[in-house]
Amino acid sequence: MKIIDTHGILSIEPLKGSCEWYWGSDYTHGDLYEAQELYRDNHPVNCNRLVLVHYPDGRVVEPVKRKAGQYFGRPISYNGKMQLLLADFPKSLLCILQYDDAKDQITTVASLPLTEVEDCYNLLLYQSPLMLARQAHDGRFQIIWPEKAEFAIEEAEGFSDRKGNRLYFCRWYDEPDYREEIVVRKYPTGEILEIIPGSWQNMPDGQIWVLR
């Protein structure tokens, strides 16, 4: 049994794209979208804490200290470095920050006006390449950065990942029996290239397993 001092963050999960890092947050105001709604309603927003935990030694890193009015989204790992999504509501900015653990260094990958998105609903970092995207309430899929693209998807369809110009979505059916399939769409038009029966499963080493 090993004691990991996360200073009150009691749940961690694997960092997507890494075999050796986990991440956790205290979710002070829920997720990024919920924090934005509070700020829009003129409530004070206290930044959530974001920690990274290294496996197997249990070393805890808090790469960016929180500031009032800021809020972290879900991080990922890309090219061996941690990519952090941070909204700064008072400055109306979305920032993508990169943490290099070997150098203990933070750099800014991108800084975007918060007005680039209608809201932060389902706003997430993905790969490959590194990109910022969201799935809107009305069934639109939008890539926000580094390029812009937008197209409609079905209601029972969710984005999973990107590999070059191939965008992978998971689609599910409830009737007559529950099943899933992987819809491969072309970037940037959204044209369907292929449909693969089975469910998508990300593995820690970057493999994708299709479960049938």
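View 1. Glu 13 has Trp 23 of β2 as its bridge partner, strands being DSSP runs of E with at least two residues and helices DSSP runs of H or I with at least four, both numbered from the N terminus. The model is predicted, so local features need pLDDT of at least 70 and side-chain atom pairs count only at pLDDT 80 or more, while totals for chains, interfaces and linings use all residues. Residues are numbered from 1 along each chain as its sequence is written, and side-chain values use heavy atoms, with hydrogens and water left out. β1 and β2 (residues 21-25) run antiparallel and are joined by two bridges, where two strands pair if DSSP finds at least two bridges between them. The open sheet has four strands in the order β1-β2-β3-β4, with antiparallel pairing. Because β1 (13-14) and β4 (60-61) stand at the edges with a single partner strand each, one side of each is left without a neighbour in the sheet.

View 2. Phe 141 stands opposite Phe 151 in β13. Within β13 (residues 149-152), Ala 149 and Phe 151 belong to the covered face, whereas Glu 150 and Ala 152 belong to the uncovered one. In a regular strand the side chains alternate between the two faces of the sheet.

View 3. Asp 161 is found in strand β14 (residues 157-163) and counts as buried because its relative accessibility is 2%, buried meaning under 20% relative accessible area, exposed over 50% and partly exposed in between (1.4 Å probe, protein chains only). The side chains of Asp 161 and Lys 16 are joined by a polar contact of 3.4 Å, a term for a pair of N or O atoms within 3.5 Å; within protein, one must be able to donate a hydrogen and the other to accept it, and residues adjacent in sequence count only if both atoms are side-chain atoms. Not counting residues up to four places away in sequence, Asp 161 touches residues including Gln 127, Arg 166, Tyr 168 and Trp 200, contact meaning heavy atoms within 4.5 Å.

**View 4. Helix α1 and its packing.** Leu 32, Ala 35 and Gln 36 are the buried residues of helix α1 (residues 32-40). These buried residues pack against β5 (70-72) and β7 (81-88). Asp 31 caps the N-terminal end of α1, with a side-chain oxygen 3.2 Å from the backbone nitrogen of Tyr 33.
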